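Here's a quick briefing to read alongside the model. Have the sequence and the 3D view open as you go.

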Amino acid sequence: MTTSTSPGPKGTVPEPPPVNVAPQARSDGAAGLRAVADTVRAAYGDDALLTDRQQLRTYECDGLAAYRVVPGLVVFGRTTEQVATAVRACHEHGVPFVARGSGTGLSGGALPHAEGVLLVTAQMRDVLAVRPEDERAVVQPGVINLEVTGVAAPHGYYFAPDPSSQQVCSIGGNVAENSGGAHCLKYGFTTNHVLSVEMVTPQGDVERLGTVAPDAPGYDLLGTVVGSEGTLGVVTEATVRLVRRPEAVRTLLAGFESTDAAGAATSAIIGAGVLPAAIEIMDGLAMEAAEAAVHVQYPAGAGAVLIVEVDGPAAEVEAEFDQAIRLCEESGAVAIQVAADDTERALIWKGRKSAFAAVGRISPDYIVQDGVIPRTALSEVLRDMKRLADESGVRVANVFHAGDGNLHPLVLFDGGRQGETERAEEVSAQILALCLAHGGSITGEHGVGSDKAKHMPKMFTADDLDTMQLVRCAFDPGGLANPGKIFPTPRLCGERPGRGTGPHPLQQAGVAEVF
Ligand SMILES: Cc1cc2nc3c(=O)[nH]c(=O)nc-3n(C[C@H](O)[C@H](O)[C@H](O)COP(=O)(O)OP(=O)(O)OC[C@H]3O[C@@H](n4cnc5c(N)ncnc54)[C@H](O)[C@@H]3O)c2cc1C
């Protein structure tokens, strides 16, 4: 995958590296797709693929239904070899391919390519090993997030990354998106819980990245692949870390007059040195939606609720939990409910985790936005967001991971009403601009995908983006793996970075080269 030239003997100038002429332009089009279909069918039979247009439409979008493209062909990967055969055929015929797990992504990352293959890994559902003695499990990419916890639980372990979609999203998707969740504040994102992956490269080779040893020499290629949104290859197996179940868990739900007050309580708790396992805020609109769906009975009159969960050794948890209660009271909590048992804790989390879907009960359409700000800017950004909503007349519900400043504004609209979609999209874009203005990011955990590619230049310079492209090209010089995602404009690997104005600064500095 690397193509650097070795330096010449001292005093001589090494030969310039050959410029790669990417095979991207050499797509065989419809004939290529037919050739891939024939290869897969011949090797694995008719039920390894879909070609019927009606059936293909089932896969036209992921969780972001605003973008729809009917794939040219759907191939089901059931084994690593099957995935490798399909990818090799794509490589041979210049056919783009898009990996898809459960299709719950919210940034259009698994949006199909009209002339490409949608490679579905959802049927690779085997848990290959559970090794509590090594605190790890080996799973295929289609295994559902919560199933990993399910197989680890009898041994006293669980899988820590917990996206709200954990009942349906797949480990392959989690790895590709570097997914997070409420408990990632304390335990870290998916990247902190993946020890190694088996991956089919865009050329169709099977490679293993990472190591089960604590550290590996050389470049962190595993770290590069985690979060790369299917643009560097197809993950066919993952070795994930299992975390020991904590001795004690305490959960509270505190009502506040406003999100401002709830935000202040968050800062007070973390500022006091308490690191909760999770600390989440829901505003009035989000509570209204969740209440309609799962009847949590939020404190009457509260304009926002804060959920605080503390876990760890029992003695430490008791002390920290008492401290969290006191700090909520001092920050103006109007009510505090403490979960008495697992059932009450589960109800609190059910309300929080169902909030996205529940918003459908109070609005026909909504955009799930995902941005990050420094936690200390929470109050200011939430106030600015409210001003945006008031001025535009577009309602914005907020439910978010307050501890790490990961916002999930839900922009509500009625697509059936003239101009509302455009207004909602405008507000949604302005919210991202707010995040950036406060030193934040255009995405916290849902990825860039198709949806946010256009926002990347607001966060990164052209040189930054070119440098990222060099990394991508090292894996996928043909540009066949999930093309059109992440980057605002597709650039061929053979193209000279720097928008035609000269060599890339990294080339000038002698630390990178076009290959
Ligand atoms: C109600 C709801 C709540 C959500 N809550 C959260 C949350 O709290 N935190 C969070 O982070 N996300 C959340 N998400 C987003 C989504 O569930 C995650 O991004 C999840 O990891 C996607 O997994 P998936 O299997 O559905 O992947 P898909 O949607 O199928 O694909 C997502 C991306 O991964 C790539 N991909 C999939 N499988 C592979 C593979 N085997 N190899 C290489 N690339 C692959 C795809 O090409 C695509 O780019 C939520 C979504 C919904 C609908």
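Which residue lies over the face of Trp349? That's Lys353, at 5.9 Å from the ring centre; a charge counts as over a ring if NZ of Lys or CZ of Arg is within 6 Å of the ring centre and within 35 degrees of the ring normal.

This is a predicted model, where local features need pLDDT of at least 70, side-chain atom pairs count only at pLDDT 80 or more, and totals for chains, interfaces and linings use all residues. Residues are numbered from 1 along each chain as its sequence is written, and side-chain values use heavy atoms, leaving out hydrogens and water.

**Sheet and helices**
- An open, mixed sheet is built from 4 strands in the order E1-E2-E4-E3 (strands are DSSP E runs of at least two residues, helices H or I runs of at least four, numbered from the N terminus; pairing takes at least two DSSP bridges).
- E1 (49-50) and E3 (97-100) each have a single partner strand, so one side of each has no neighbour in the sheet.
- E1 and E2 (residues 73-76) run antiparallel, joined by 2 bridges, and Leu49 has Val75 as its bridge partner in E2.

**Aromatic pairs**
- The whole structure holds 2 aromatic pairs (ring centres within 6.5 Å, using the six-membered ring of Trp; planes under 30 degrees apart are stacked, over 60 edge-to-face, the rest tilted).
- Tyr59 and Phe76 sit edge-to-face, 6.3 Å centre to centre with 65° between the planes.
- Tyr59 is in the loop between H2 (53-57) and E2 while Phe76 is in E2, so this pair ties together parts 17 residues apart in sequence.
- Tyr59 and Phe76 are both buried (under 20% relative accessible area; exposed is over 50%, partly exposed in between; 1.4 Å probe, protein chains only).
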